[in-house]
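Hi,

Here is the structure I promised to pass on. My notes follow below.

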Amino acid sequence: MQQRTLGSAGLAVSALGLGCMGMSEFYAGRDEAEAIATIHHALDLGVTFLDTADTYGPFTNESLVGRAVRGRRDQVVIATKFGNVRGANGEFLGINGTPAYVRQACDASLARLGVETIDLYYQHRVDPRVPIEDTVGAMAELVRAGKVRHLGLSEAAPATIRRAHAVHPIAALQTEYSLWTRDAEAEILPTCRALGIGFVAYSPLGRGFLTGRFKRVEDLPADDWRRHNPRFQGGNFAKNLALVERIERWSAARGCAPAQTALAWLLAKGPDIVPIPGAKHRGRLTEDVAALGLHLTPDEVTEVDRLAPPGAASGLRYPEAGMAAVNR
């Protein structure tokens, strides 16, 4: 398995990670036994970078990951997140970045994961009510206490990233980045590179849209969260389907799946970028990992760039309430 390094502190991870969110919530078709088998399959393939969060489930995804890696902890880099607060019944209660909550959330995540140390601990969303210096200062205390090895941020703005990094080295920024979400290329990715911060690309397959599996909105089960995503709705769906069809034709001419093209394109964008596609089934994961063998030439990267240039996707990447919490 190819390795990549996140941050100047040198956090080594597999070049492709595994996003575990959909194993517990948001996407339909969940099967816990298959999810655990998929995580085991990932480890067997050398995919050792697992991404979860306390909010997924809520609270259950960390427990699932913890059970799956039991007895294989030394093979895994576990990343989890705090800050998106959920109630016992799953209700969303806002964002909390206060130092007291940082400590409380970390202890709860450690217990659910069944580990002594979290390898990479992210603030999931920036709390506008709390200075980032206070939040990261509390996260740094966790490092000194041995509860966390490296710190990360998710969906933070360039100025916030700089302020956070001045308090304690940030190993990685996690932000959505794919062929249909290229916003990070303008300022966020250059900021990370200037500071020596790795970039973890979530939803690198456009929440599954870039795989070519969805041809109609009705292909999504009624209880699937993506039905509420603007890019999967109405006229946006049709426009985005045309974008995916261009990628499908390009991929077919080269004998690969569109998902593999999307991942290979991201991997070619820089050795500091680590995509974390979500997979709930072993077959999907196997296809994703095969993208590591697809090495695009600079000319091919340019061709794919033209298939899905910045701004090509139609619709916001989250509903308006979700967009209000990103890039701040």
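In strand 12, which residue is the bridge partner of A201? P275 is. Strands here are DSSP runs of E, at least two residues long, and helices are runs of H or I, at least four long, both numbered from the N terminus.

Before the rest, two notes on the source. This is a predicted model, where local features need pLDDT of at least 70, side-chain atom pairs count only at pLDDT 80 or more, and totals for chains, interfaces and linings use all residues. Residues are numbered from 1 along each chain as its sequence is written, and side-chain values use heavy atoms, with hydrogens and water left out.

**Strand 11**

Buried means under 20% relative accessible area with a 1.4 Å probe, protein chains only. G198, V200 and Y202 point one way; F199 and A201 point the other way. Strand 11 runs parallel to strand 10 (residues 170-176), joined by 5 bridges. E176 is partnered by Y202. With strand 12 (residues 273-276), strand 11 pairs in the parallel sense over 4 bridges. Strands count as paired if DSSP finds at least two bridges between them.

**Helix 1**

The 14 residues of helix 1 (residues 32-45) should span 20 Å at 1.5 Å a residue, and the end C-alpha atoms are 20 Å apart, which agrees. The expected span is 1.5 Å times one less than the number of residues. After helix 1 comes G46, with a positive phi near 100°.

Best wishes

Technical notes
Buried means under 20% relative accessible area, exposed over 50%, partly exposed in between (1.4 Å probe, protein chains only).
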